[in-house]
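Okay, everyone, thanks for coming.

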Amino acid sequence: MNINDDDGTNPTRLIKGLFPLPKFIRYIKERCPSRRFDDPALVAEWREARAIALKVIKDEASIADSIGVRELSEEMKPLAERILQQPSMHRLVSLVSRRWCLVEIDRLVVFQEAIDLHHVDQIKASLSPSPGAQELIDLASCSGVHAHPPVRCTPSDGGYMFSSASNDLRFLDVVTVEPDAIQDFTPVGAASHAIVMYVGFSDNVISATRSGDRIILTNGSHRVYALRELGFHYVPCLLTDASDGDVSEFLLPAAVKQDRQFYLAAPRPPLFKDYFDPRLTRTVPVIRKTSVLKAKLDLQKSSVPTV
């Protein structure tokens with residue numbers, strides 16, 4: 001694929017006909033350059049795809065309920081377990097039971113309607129032609145050469161601005177620590193405390209959630225897409241079971257909880273294989289954006305009665 005870096009857009013594969021028409025139109029209106037698309041033409045295109053989608057739904061009813069799940073290879077198991085031992089993973093795995101396994105790619109239920117093909121090409125360029133166990137686990141856990149992209153920090157309007165190409169950039173935590181915990185910096189005056197703000201990324205593993213017989217891909221769509229293009233049919237994945245109604249509310253993605261019938265009960269929900277069906281997709285130019293976080297410390301001094 002030829003990537004156009006000149007007009008500030010990335011080619012993006014967008015599913016049509018399976019998700020509702022308003023979602024299709026809204027995605028293009030909000031993310032693509034203005035006046036590139038004609039509304040009546042988009043509606044007609046979606047309706048044509050919808051007719052095909054209805055036939056697919058009929059022919060492939062219940063296909064999502066027979067997804068394949070396998071154990072990791074013996075070579076992968078110790079590599080994957082070491083990932084779970086990392087301190088940053090403790091909170092992720094301490095709440096509910098999660099396990100590494102190999103999950104069939106094509107039958108994963110998806111709620112993300114689009115794939116950034118430029119990002120996929122970057123992932124593929126970082127992989128060897130035939131990735132082995134170590135490389136696959138590194139990719140699945142966002143480790144090694146697949147670690148998060150750099151974050152730029154600059155002063156901004158009395159605070160700080162953090163920016164990254166990854167939309168996973170986020171505030172992680174704010175804590176107070178003893179001043180001597182901060183190395184290579186000496187403040188002016190006698191410090192009693194230091195306020196530390198952590199900025200970075202989530203534990204960005206390829207993950208999925210089981211609900212009954214279906215498995216919903218919850219993170220790592222672009223990495224899974226890259227492996228599918230390289231010929232893989234199963235992907236290493238950290239799997240959580242949300243079949244128990246008591247835990248499904250905080251384990252299922254918000255999009256799935258908002259329309260349980262569509263994703264969990266409909267005969268044939270959107271599946272990962274649909275990204276590769278030219279009848280049910282189109283490629284659109286999506287405006288390239290950078291994620292930005294701004295932080296400013298608001299200090300206020302006052303006097304209160306001594307207790």
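So, to start: are Tyr 225 and Phe 272 buried or exposed? Tyr 225 is buried, and Phe 272 is buried too. Keep in mind that we're looking at a predicted model here.

Now, how do those two rings sit? The ring centres of Tyr 225 and Phe 272 are 6.4 Å apart, and the planes meet at 55°, so we call this pair tilted. For stacked, the planes would have to be under 30 degrees apart, and for edge-to-face over 60.

And where are they along the chain? Tyr 225 is in helix H7, residues 221-229, while Phe 272 is in the loop between helix H10 (260-265) and strand E12 (281-287), so the pair ties together parts 47 residues apart in sequence.

Tyr 225 and Phe 272 make up one aromatic cluster together with Tyr 275 and Phe 276. Phe 276 also has a charge over its ring: the charged end of Arg 228 sits there, 4.2 Å from the centre.

Next, have a look at Phe 262 and Tyr 263. This aromatic pair is edge-to-face, with 4.9 Å from centre to centre and 75° between the planes. Phe 262 has a relative accessible area of 22%, so it counts as partly exposed. Tyr 263, on the other hand, comes out at 3%, so that one is buried.

One more charge over a ring before I stop: Arg 70 lies over the face of Tyr 234, 3.8 Å from the ring centre.

And how many aromatic pairs does the count come to? It comes to 7.

Methods:
Residues numbered from 1 in each chain as written. Predicted model: local features only at pLDDT ≥ 70, side-chain atom pairs only at ≥ 80, totals over all residues. Heavy atoms only, no water. Phe/Tyr/Trp six-rings, centres within 6.5 Å; stacked < 30°, edge-to-face > 60°. Helix = DSSP H or I, 4+ residues; strand = E, 2+ residues; numbered from the N terminus. Buried < 20%, exposed > 50% of the residue type's maximum accessible area, 1.4 Å probe, protein only. Lys NZ or Arg CZ within 6 Å of the ring centre and 35° of its normal.
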